[in-house]
Each structure stands twice: as structure tokens, then as C-alpha cells.
Amino acid sequence: VAAEKGGYKHFMQKEIFEQPQALSNTLLNRLPLDAESIPLDLPFSDADLRGLSRIHIVACGTSWHAGLVGKFLIEQLSRVAVEVDYASEYRYREPVIQPGTLLIGITQSGETADTLAAMKEAAARGARTLAICNVMGSTATRQAEATLLTHAGPEIGVASTKAFTTQLAVLTLLALKLGEVRGTLDPDLKAGLLQGLRELPAHLERMNALEPRILQWAQRWKDADDFLYLGRGPCYPIALEGALKLKEISYIHAEGYPAGEMKHGPIALIDKNLPVVALMPHDAHREKTLSNLQEAAARDGRILALVTEGDTGLAAIAEDVLEIPAVHPWLAPILYTVPLQLLAYHIAVLRGCDVDQPRNLAKSVTVE
Ligand code: G6P
């Protein structure tokens, strides 16, 4: 087993650090050269894709968070309305499937019982089905009409890491493809996002340098009772994912919240004992997020801020600021995930938790 960990202490740590390579594999042969169309291998015709009226995404756990980012990207780039459901809810809510509905099941393992059942339910009601999956030949890939593989390589740690960031990359490609075929994609935006995707593995590589600072912050806050994670726009689901990671492996209670919703509840919890992890890339939401965080700081919240390199907006109020390479704002979710994985990982290790096999959790939940 030690050899399988390739010199790392835990599979989770290995899988976090494998992300630059995993992302490269995900993107391999899927980025167009020059003005070509996006070479995404789908059995649907362009007419099928143009005829889509609605997309339903179903998933569980971390994959559900990928679905929320996917909704943002698909709606922005292709103007198809997207709903995201927990698979366990969807399967029992008699979903309304109109003609032209595509159901996307996102599942690392391809074996999660609720996700498989939700996909079946939608297919029975007439939806076309697509699986975004990491395991070739898994039940989801056999059940769905179409599959996009994430190519992250085997993920052993129970808490999902590289499967998540590669799901985000596949969803970005899919959103671009839909936008391209449907004629809603601005050529400059397309070029910018594709260039951003090409540069992502190198940017991810640079994230490793943040680890010493993250470790320091982990040491300071490892005994906290609660954590709050805040983000907006496509980084709101990343706040949810950061909180889930921490809960899963360190057993510290954590909540992710859209920063703008903080005033409707969580702000009541904020005091000097509450670490607040804030995601504030330099995007259209920055000013709003900044003012939300000023509110948190005014109530003594202890802020760990993740900002775009060179952004000093939080310097005066945050306890620590991690500078993240500048990327297209819609690719920020992929980058901003990594420090949150590392934070959860180090806190869990410092607390003596079994990082790869957290109590009560299973890698894939094949029963209801
Ligand atoms: C379990 C795992 C999570 C995972 C979820 C969905 O709860 O512990 O890490 O996100 O299942 O798994 P799937 O394989 O369907 O993505």
C-alpha cells in the first residue's frame, strides 16, 4: 500500500497533488486546434443539441457540487435552462420531463444507487441521458445513452478530490460545446476559456506552493468547532465543497453559503471564534463579496481569503490571504478548490483523523 501511495502519506494527498496531471488527461484531445469545433465525443447530433429545451443534472455529494458549477456554465454559455437535483430527491419527486430534456448524471464511481435510479427515472419519462463518470464500464456508463469520461485515474481516498476538478473541466467543455452548436457562444469568450483550460494544469502546479501557508492556518484553527465558507457565483458551489471536505474528513462542523445570503442567518454565528474561508476571485461578484466580507470582519470573524494574485482588497481585514493565479473567472472554481482540499486535509491530519477512510462514509454508496 505504501508503494501505491507513491511517497505520499495518504491517498487523498496523492490525489490532490495529481490534479495537474489528471486535468491534462481530462483535456487531452478535447481542446480544438485553431478554429475547429470542440472535439467532444458525443453520440448526439448537432440537431439534437440544438433541440434541447432543458437540462436536469442529478448527482450526490461532491458530484452534486460539480453539477451546480455545471449549471452556471451551461446556462451562461448555451442559454439552456438547467436544474440541479440531489439524486435521492429527484427520483421521488415525479420530475417534469418536457420534450427535449437531457438528463446528466454526474458520478465519479458510476455506481451510486440514487444517481443510477434518478437516471433511470428520467429515461423512463423520456429524457435523453448522459453520464459524466470516472470509471469506464461502470453501471452509469452502461445505463446512459452517452458518457463523457473524466479520466482522473483511480480515486482511492473516500473524499473526492481529483474526480471533482476533472468533472468541472468536462462540464466546462460540455458547456462550450453546447454554446458552440447552439450559436450562443461569443468567439472571444470561447477563445479565452479554451486558452484558460490549456493553461490550467500549469496554474494548478503553482498551487502547491501555497501548502506551507495553508498548513499554518490549519494549525491555528484545527480545534475550531465550526467553519463558514463563503463564495458567490460559480464559487458558491466551491464554498459548499470546501465545507463538505472539512466535514467529511476532520469531523468539524462546516457550512458553505452564498456570501450574499450570509445576512439572512449565518451572520448571527460570526464572532472571533469563527473561521471564515472566503473565495473572492476578481470577477463580476468581487465588489459584492468584498462588502459581505467586510460585514463578517466587523463581527470579528477570522477570515482566510482566497483572492486573485495582486488583489489587496482584503489585506486589512483578513487574517491571511492566499493569492491564486489569475484565470478566467469561470475557471476559478477549478483552481480555488485545491487550497480548500489542502486545508481540510491538513486539519484532519493534525486532528489525527483517518483521512482516507473517514468514519461512517463509503467511497461509493451502492445501496439507498
Ligand atoms: C460518497 C462519497 C463522496 C461522493 C459521493 C458521490 O458519498 O463519499 O465522495 O461524492 O458518494 O459519489 P459518486 O461516485 O456518485 O460521484
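Trainee: In S3, what is the bridge partner of Ile55?

Mentor: Leu102 is the partner of Ile55 there. Keep in mind that this is a predicted model.

Trainee: What makes strands S1 and S3 a pair?

Mentor: Pairing needs at least two bridges. S1 (residues 54-59) and S3 (residues 101-107) are joined by 5 bridges, so they count as paired. The two strands run parallel.

Trainee: Which strands are the edge strands of the sheet, and why are they called that?

Mentor: The open sheet has 5 strands in the order S2-S1-S3-S4-S5, with parallel pairing. Strand S2 (81-86) and strand S5 (146-149) each pair on one side only, which makes them the edges. From one strand to the next, the twist averages 20 degrees.

Trainee: Where does helix H6 lie, and at what angle to S3 does it run?

Mentor: H6 (residues 113-124) lies across S1, S3 and strand S4 (128-133), at about 170 degrees to S3.

Trainee: Why are H4 and H8 called roughly parallel to each other?

Mentor: The axes of H4 (residues 61-78) and H8 (residues 162-182) cross at roughly 20 degrees and come within 9 Å. Roughly parallel means an angle under 35 degrees, so these two helices qualify. Their crossing is right-handed.

Trainee: Which residues make that contact?

Mentor: Among them are Ala66, Val69 and Leu73 of H4, along with Leu168, Leu171 and Ala175 of H8. By class, the contact of H4 with H8 has 11 nonpolar, 7 polar and 1 charged residues.

Terms used:
Residues are numbered from 1 along each chain as its sequence is written. This is a predicted model: local features need pLDDT of at least 70, side-chain atom pairs count only at pLDDT 80 or more; totals for chains, interfaces and linings use all residues. Axes are lines fitted to C-alpha atoms, for helices over the stretch in contact, and angles run from 0 to 180 degrees between N-to-C directions. Helices (H or I, at least four residues) and strands (E, at least two) are DSSP runs, numbered from the N terminus. Angles under 35 degrees count as roughly parallel, over 145 as roughly antiparallel, 65 to 115 as roughly perpendicular and the rest as oblique. A crossing is left-handed if the near helix is turned anticlockwise from the far one by less than a right angle, and right-handed if clockwise. Two residues are in contact if their C-beta atoms, placed from the backbone, lie within 7 Å. Ala, Val, Leu, Ile, Met, Phe, Trp, Tyr, Cys and Pro count as nonpolar, Asp, Glu, Lys and Arg as charged, and the others, Gly among them, as polar.
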